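We will go from stop to stop, with something to select at each one.

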Amino acid sequence: MRILMATMGLDIGGAETHIVELSKQLRHMGHDVAIVSNGGVYVPEITAAGIRHYQAPLHRRTFRDMRRAEKILRDVIVREDPDVVHAHARIPAFLCGRLKRRMKFPFVTTAHWVFDASGALRYLTNWGERTVAVSEDIKNYLIREYGLPPEHISVTINGIDTEKFSPAVSGARVIAEFGLDPERPILSYVSRMDADRALVARQLIELAPELERAVPGIQLLIAGGGNVLDELRARAEAVNRALGRRCVTMTGPRTDVNEIAAAGDLFVGVSRAALEAMAVGKPVIVAGNEGYQGLFGPEKLAQAQAGNFCCRGLPPSRPEVLLADVAAAFALSPAQREQAGAYGRQVILEHYSVRRMAGDCLAMYEQVRRRKYQVVMSGYYGFANAGDDAILDSIQQAIREASDEVAVTVLSKDPDMTRRQYGLDAIPRFRVWRVFSALRRSDALLSGGGSLLQDTTSTRSLLYYLSVIRCAQWLGKPVMLYANGIGPVRKPANRRRVKRVVERAALVTLRDHKSLQELEEMGVCRRDAVVTADPVFHLDAVSRERAVELLAAAGVEEGRPFVAVSVREWPGVGDFYAQLARLCDHLYQSYGLEVLFLLMQPGRDRGAARQVREKMACPSHQLDVPCTPRELMGVLGQAKLCLAMRLHTLIFAARMAVPSLGLVYDPKVDSYLRELDLPAAGEVEHFDGDEAIRRADALMAGYDRVLARLREKSAQLAQAARENERLLLEMLERAGK
C-alpha cells in the first residue's frame, strides 16, 4: 500500500516516536510510506529508512500557517496518490478532513491523547473514517466526547522495536559523552520539556539534594527538548552549583533514546518512553503529568495497560512519593533490579511488538481503502435472526476470500449492530435517500440470499425488495439475485412483478431446484439461471471447545448425545406443540437423547419453545444466551439429531453433517428437505405425533446410511456455494469494461 502519514512534527515525544517506529515497520513490511510534518530531529532517521519527508507547518493554528499547510498537503496527496492518509494530532487531522471532502481519499486518524473538546476546538477536530486509539480509556473518551461509533475505533499499542530497544544496547557512549561515572548510580528520564509534559522532570531536579542524601552519588540524566528546557536547564545548573558537583545532566532533544535508557540503572517516565526503557530491561517508575503509578511490576500491569502507561486517572505525582520510590528502587539488590527489568522486557515482547502495532493499523487501512468494486447488499439483515445473519456472514466471508477488491455496504434494520458484528459498512434500509445514494455510488446490487421474493410473509415485504431492485435497475446498475430462494408467490399481481424484475436481472443464482421451478412456472425464461447452494454452506463454525462451553451453559454435559430442536411461533398450528412434545419425549426415552432447544430468533422462538417444553414429560434444556450464527452452527455440530422448523437450522445441521427431521411450516422447508434428501416429521398445521415418531424411528434405524449420504451431499453443496462468488466477480468485470 501507499501510505501517507500527516503529523505536526518529528521532534522528541511519545507520539512522534510512535509515528517513526510505525512508519519504519510498515516500510520494512514492504509498504511505501511518506510523511508530511514540520520536521524535527527524526527526519534523518526516517529518510535513511527510505521514507520520504515533506515539510509543512502542521504544528501551528494560525490561519496563515494552516492555509499554507493545507496547500502543501493537497500537492503532496496529488503527487503521492496514497491508498490511505493517516493523520496524527488535531491540526493535521482537521486539514486532511477538509481535503478529503474534495479529493475523496481513504482517511484514518490515531488518537494519541485526549484533546480539549470545549468551545470551537470541537469543530477543529476530525477523526476520519476510522480511528486508532492507543488505549482503551482513549477509545472510551472518543465515544463519550465525540460520539464515535465503537466499531469504528480500534485499540492499538505503542509498539516497540525490540531490536533497537534491547538489553544488548550499551549506554557506554552516552555515559562517556556526558562525563558520567559508571560506578555511581544513574537515573534516566526522557520526556518532552514542555510545560504540560515536564512535571516529573521538574520534581526530579528539585529533589536532587534529597536524592543525593538518600542515594549517595546519584546522577540524573534528563533528556528531551521543549518550551521549558531553558528554564529547567538553568534550575539544574543552580542545583549542581549548590551540591558542588554535576548531579543533574540535561541533554536536550535526543534521538538515541535507547542508549539514554541503557545508560541508567533506573528509568522514570511515562507512555512510550517507559515502554522503551522496559524493552531495554530497566526497572521503571511510571510517573508523568497525568498521574503517578510507581515502580512497575506484575501487580500493576492491568492498571498500566488500561491507561497506556500514561497514568490517566491515577493520583498526581507528589515529590515525597517519588523520592521514596526512587530510594527504594536503588535499595534493591542487583538481582532484584535485574528481575524487575526482565519482567518489563517480557511484557514488551508479549504485548507491545511494533509488528502488532503495524498490523492493527493495516487492518484499519483495509477497512477504508478504495476497492475496485462497490456493491450494495439487500436482504433481511439487522433483525437478530441467526439464519439471515449467517447468510450475511457467509457472503461477506466468501467475497473476501474470492477477492479483496470488493467493498460491501449492507442495507440493515440495525446498521450499528451490522457494523459491530461484521465490520461492514451499513446504512438504514428504510432511509430512502441514503439507500438511493448508496446504489448510485455502487457498481452492483446483490439481492439476497434467503427467501426475499415471496409473499407468504406479506406483500409489503416483497414490494420492499422489488423496489430496491428496480431502483438499482433504473440507475443502470447490474443486479445479482444472490443464491435466492424463490416463492411461494401466490398473488397473480405479485407473480407478474417478480417475473419482470427477475427477467431484467444481470445474474440469477438460486439456492435450490424448487426455486428454479417456481420461476419457470411464473413464465420466467432464464436459461442462464444457475442453481448453486445457500451461502451458509460456505460458513465455518466455531471450535469444538467453544461449542462445548455453550452446551455446558445450557446444562448439557460434554459427550451426552442430544437432539437439537428449533421451533418458531406460527399461526394456526392447532395442537402441534403438544404433538411435538410427544416426539421429543420419545427421542429421550427410546434413544437416550437429551433435548436441547435452540433459539434462532429469540424474540420469536422463545415462546414457542416454552410451549413445547411445558408439555413434555421428560426434562429438557434451552440455549438462551446470545449466540452468533457460527456458535449455533458449532453447537449443532455436536448434536446426534436435529429437529427443526426453521430452514436455516436445517441448513446449519446439514453444513455440519447432522441428520435432521424437518417440521414443515412453509414450502421452502419441504423443498430444501428434498434437496438434502432428508425426511420431514410432518406439516405443522396438521401434525400427527404418531406418524412423526414412526418417521423418527425409521431415520434412527437407518442412521449410518443417512449420515453417509448427508456428508456427501453437504460437501457437494459447499462446493456449489463457491460458484456464487465466481459468477459475481465475472459480472463485475463485465460491467466494468
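Bear in mind throughout that the model is predicted.

**The sheet**

Begin with the open sheet, where seven strands run in the order S16-S15-S14-S17-S18-S19-S20 with parallel pairing. Now colour S16 (425-428) and S20 (530-531): these stand at the edges with a single partner strand each, so one side of each has no neighbour in the sheet. For a look at one pairing, select S18 (residues 479-484) together with S19 (residues 507-510), which are joined in the parallel sense by three bridges. Leu-481 has Val-508 in S19 as its bridge partner.

**The largest pocket**

Keep S16 in view, as the next stop includes it. The largest pocket has a volume of about 1300 Å³. To centre your view, select Glu-129, Gln-367, Gln-374, Thr-409 and Asp-425, the closest to the pocket centre among its 38 lining residues. Elements that give two or more residues to this lining include the strands S14 (373-378), S15 (406-412) and S16, along with helices such as H4 (90-103) and H14 (354-368).

**A buried helix**

Next, select helix H25 (residues 647-655). Are its residues buried or exposed? Nine of the nine are buried, so the helix is largely enclosed by the rest of the structure. Arg-655 is one of these buried residues, and so are His-648 and Phe-652. Step past the helix to Ala-657, which follows H25 and has a positive phi, near 55°.

**Rings**

There are 14 aromatic pairs in the structure. Show Tyr-141 and Tyr-146 first: with ring centres 5.9 Å apart and planes at 75°, the pair is edge-to-face. Both of these tyrosines, Tyr-141 and Tyr-146, are buried. Compare Tyr-380 and Phe-383, whose ring centres lie 4.1 Å apart with planes at 5°, so this pair is stacked. Tyr-380 is partly exposed, at 22% relative accessible area, and Phe-383 is partly exposed too, at 21%. Then select Phe-296, Phe-309, Tyr-343 and Tyr-352, a cluster linked by ring pairs.

Two charges over rings are also worth a stop. The charged end of Lys-640 sits over the Tyr-703 ring, 4.3 Å from the ring centre. Arg-197 lies over the face of Trp-113, 6.0 Å from the centre of that ring.

**The cavities**

How many cavities of 30 Å³ or more does a search of the whole structure find? There are two. The largest cavity holds about 470 Å³ of space, and Arg-197 is among the residues nearest its centre, together with Gly-14, Val-270, Ser-271 and Arg-272. Helix H10 contributes the most to this lining, with four residues. Coloured by class, the lining of the largest cavity shows 10 nonpolar, 11 polar and seven charged residues.

The second largest cavity holds about 50 Å³. By class, the second largest cavity is lined by five nonpolar, four polar and one charged residues.

Note on methods:
Residues are numbered from 1 along each chain as its sequence is written. This is a predicted model: local features need pLDDT of at least 70, side-chain atom pairs count only at pLDDT 80 or more; totals for chains, interfaces and linings use all residues. Side-chain values use heavy atoms; hydrogens and water are left out. Buried means under 20% relative accessible area, exposed over 50%, partly exposed in between (1.4 Å probe, protein chains only). Two strands pair if DSSP finds at least two bridges between them. Rings of Phe, Tyr and Trp (its six-membered ring) pair if their centres lie within 6.5 Å; planes under 30 degrees apart count as stacked, over 60 as edge-to-face and the rest as tilted. A charge sits over a ring if NZ of Lys or CZ of Arg is within 6 Å of the ring centre and within 35 degrees of the ring normal. On a 1 Å grid over the protein atoms alone, a cavity is a set of points where a 1.4 Å probe fits but cannot get out, and a pocket is an open set with protein on both sides within 12 Å along at least five of seven lines; lining residues have an atom within 4 Å of a point. Grid points are joined across faces, edges and corners, and a volume is the space filled by probe spheres set on the points. Ala, Val, Leu, Ile, Met, Phe, Trp, Tyr, Cys and Pro count as nonpolar, Asp, Glu, Lys and Arg as charged, and the others, Gly among them, as polar.
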